[in-house]
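Subject: Structure handover

Hello,

Here is the structure for you to look over. Please open it alongside this note.

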Amino acid sequence: MRLKFAYALFIFFYFLFSTTVNAQSIYVVVEGDTLWKIGKIHQISLEQIIQSNRQLENPNLIFPGQVIAIPIAERNEGHNERLNREEEKLADLLNRKRSQFGMKPLMIDDALSKAAKLKSADMINNKYISHYSPIYGSPSSMLIKLNISYQIVKESIGAGHQSAELVITSWLHSNANRANILNDRATKMGIGYVKGGQYGHYWTVLIVEY
């Protein structure tokens, strides 16, 4: 009887622990982080982070190297990264250009598209046009903070271009952006187009090698 009870208790805690692990991701604090900033990066509330990290004695004091649990289920809920019409058009134009040079098309990646859309929105909200974000840092830092795996990431950004045709034409006249688009080692991309802000139209493409 005791053996059966002990076994049942083991099974209960095993599934309890497994569920907890599967419902969370891990984030390592870097210099300059706050729980509010981490929540903004992962699109979850400060309260959700605090509830998932009850080991923190003072949520206002976190240090580089600390491990923070990110509740994945809450973070992903309600976020569908389907491309809008302009993003689909840009993806098609980009892959057509690659095909002209005998290159394979880049696959659309939902996580990368989410990151690209966050970057475009961030440029609007923080009024800048740069590969370095005051919130996310460099493109590589951004993907690390969003728990997106990659080997090499390249970013193309644009502002003010009213259509996919205009922005890709602009990129193809830039040596760096052209090399990014025609990288034969790249396999996936994410596209983010957001309307608004000072220039009206903001574009981000993230192209990665694995």
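Below is what was found in it, by topic.

First, the ground rules. This is a predicted model, in which local features need pLDDT of at least 70 and side-chain atom pairs count only at pLDDT 80 or more, while totals for chains, interfaces and linings use all residues. Residues are numbered from 1 along each chain as its sequence is written, and side-chain values use heavy atoms, with hydrogens and water left out. Helices (H or I, at least four residues) and strands (E, at least two) are DSSP runs, numbered from the N terminus.

**Sheet**

Four strands make up an open sheet, in the order E3-E5-E6-E4. The pairing is mixed. Two strands count as paired if DSSP finds at least two bridges between them. Strand E3 (107–108) and strand E4 (152–159) are at the edges with a single partner strand each, so one side of each has no neighbour in the sheet.

E4 and E6 run antiparallel and are joined by eight bridges. Across that pairing, Ser156 sits opposite Val205 in E6, and Lys154 sits opposite Ile207 in E6.

E5 and E6 are also antiparallel, over nine bridges. Gly196 has Gly200 in E6 as its bridge partner. These two strands form a hairpin with three residues between them. Gly197 lies in the turn, with a positive phi of about 75 degrees.

**Burial**

Buried means under 20% relative accessible area, exposed means over 50%, and partly exposed lies in between (1.4 Å probe, protein chains only). Nine of the ten residues of E6 are buried, so E6 is largely enclosed by the rest of the structure.

Helix H2 (residues 35–42) is also largely enclosed, because six of its eight residues are buried. Those residues are Leu35, Lys37, Ile38, Gly39, Ile41 and His42. Gln43 follows H2 and has a positive phi, near 60 degrees.

**Salt bridges**

Side chains of opposite charge can pair when their charged atoms come close. The rule used here is a side-chain nitrogen of Lys or Arg within 4 Å of a carboxyl oxygen of Asp or Glu. By this rule there are eight salt bridges. Three are described here.

- Glu86 and Lys89 form a salt bridge at 3.5 Å, N to O. Both are in helix H5 (residues 85–100), three residues apart, about one turn of the helix. Glu86 is buried, at 18% relative accessible area, and Lys89 is partly exposed, at 29%. Glu86, Lys89 and Glu165 are linked in a network of salt bridges.
- Lys117 and Glu87 form a salt bridge, with their closest N and O atoms 3.4 Å apart. This pair links distant parts of the chain, with Lys117 in helix H6 (residues 110–125) and Glu87 in helix H5, 30 residues apart. Lys117 is partly exposed, at 24% relative accessible area. Glu87 is buried, at 0% relative accessibility.
- Glu209 and Arg185 form a salt bridge at 3.6 Å, N to O. Glu209 is in strand E6 (residues 200–209) and Arg185 is in the loop between helix H9 (175–181) and strand E5 (188–196), so the pair ties together parts 24 residues apart in sequence. Glu209 is buried, at 9% relative accessibility. Arg185 is exposed, with a relative accessible area of 56%.

**Largest pocket**

The search used a 1 Å grid over the protein atoms alone; a pocket is an open set of points where a 1.4 Å probe fits, with protein on both sides within 12 Å along at least five of seven lines, and lining residues have an atom within 4 Å of a point. Grid points are joined across faces, edges and corners, and a volume is the space filled by probe spheres set on the points.

The largest pocket has a volume of about 250 Å³. It is lined by 18 residues, and Tyr27, Val30, Asp33, Ser141 and Lys145 are the closest to its centre. Strand E1 (24–28) and helix H7 (139–145) are the elements that give two or more residues to the lining.

The lining has nine nonpolar, five polar and four charged residues. Here Ala, Val, Leu, Ile, Met, Phe, Trp, Tyr, Cys and Pro count as nonpolar, Asp, Glu, Lys and Arg as charged, and the others, Gly among them, as polar. Domain 1 (24–71) and domain 2 (85–209) each give at least three residues to the lining. The domain bounds come from an automatic or database domain assignment.

Best wishes
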